[in-house]
Amino acid sequence: MNMIKPNTPVLAVLTLSIFVSLQSLAQQPNVDKKGLAIQGFDPVSYFAPNGPMKGIKEIQSSIKGRIYYFASAKNKVAFDANPTRYEPKCGGWCAYAIGLDASQVKVNPKPFKIIDNRLYLFYDFFGIDTLEKWNENETDFKAKAEENWINLK
């Protein structure tokens, strides 16, 4: 019986390719297949008294492959002037999940919190509201979320 011996260099390259692919997935922000962020919600509207609001496709900006829709041209101008201020922390993933164990969990774009003038988004489906859990120990979750997000990059 002939045994096929694995080619060690080929296995090493395949293993490294899989690892790099998984790592690059970890670095991706929460966008849909077309690159749309926050499910089309206007990131600037979260900072307004009546926000968040759905943006419209005709008023959009793109930054690093992420597409944002805006509810008004004024919001687009504000975003374009300082995108870092308005982009959600943790890549738009659930801040609680990133803080808990670095899990990249999709969000419902409506539960949010502005902390230190930055936007944090949360998972809220099937009776699980992670914003409530976040609020129980915000200081620790925020610190851990920021640390975990940096380590994912």
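**Close-up views of a predicted model**

View 1. Phe122 counts as buried, because its relative accessibility of 0% falls under the 20% limit that is applied to burial. In this predicted model, the ring of Phe122 forms an edge-to-face aromatic pair with that of Trp134, with 5.2 Å from centre to centre and 65° between the planes. The pair links distant parts of the chain, since Phe122 belongs to strand 4 (residues 118-122) and Trp134 to helix 5 (residues 130-136), 12 residues apart. Trp134 is likewise buried, with a relative accessible area of 0%.

**View 2. The aromatic cluster that includes Phe122 and Trp134.** One aromatic cluster is formed by Tyr96, Tyr120, Phe122, Trp134 and Phe141. Across the structure as a whole, the number of aromatic pairs comes to 10.

**View 3. The rings of Phe70 and Phe79.** Among the 10 aromatic pairs of the structure is the one between Phe70 and Phe79, which is tilted, with the centres 5.2 Å apart and an angle of 50° between the planes. Both residues of this pair, Phe70 and Phe79, are buried.

**View 4. Arg85 over the ring of Phe47.** The side chain shown here is that of Arg85, which lies over the face of Phe47 at a distance of 4.9 Å from the ring centre.

View 5. Cys90 takes part in no disulfide, and the cysteine sulfur nearest to its own, that of Cys94, is 8.5 Å away. Cys94 is also in no disulfide, and for this residue the nearest cysteine sulfur is that of Cys90, at 8.5 Å.

View 6. Six helices and six strands make up the elements of the chain, and from the N terminus on they follow the order α-β-β-α-α-α-β-β-β-β-α-α. Of the 153 residues in the chain, 38% are buried, and the chain exposes about 9500 Å², of which carbon and sulfur atoms supply 58%. Among contacts in the chain with a separation of 6 or more, 53% are accounted for by residues 24 or more positions apart.

Note on methods: Residues numbered from 1 in each chain as written. Predicted model: local features only at pLDDT ≥ 70, side-chain atom pairs only at ≥ 80, totals over all residues. Heavy atoms only, no water. Disulfide = S-S within 2.5 Å. Helix = DSSP H or I, 4+ residues; strand = E, 2+ residues; numbered from the N terminus. Buried < 20%, exposed > 50% of the residue type's maximum accessible area, 1.4 Å probe, protein only. Contact = heavy atoms within 4.5 Å. Areas by Shrake-Rupley, 256 points an atom, 1.4 Å probe, with all protein chains shown as cover. Phe/Tyr/Trp six-rings, centres within 6.5 Å; stacked < 30°, edge-to-face > 60°. Lys NZ or Arg CZ within 6 Å of the ring centre and 35° of its normal.
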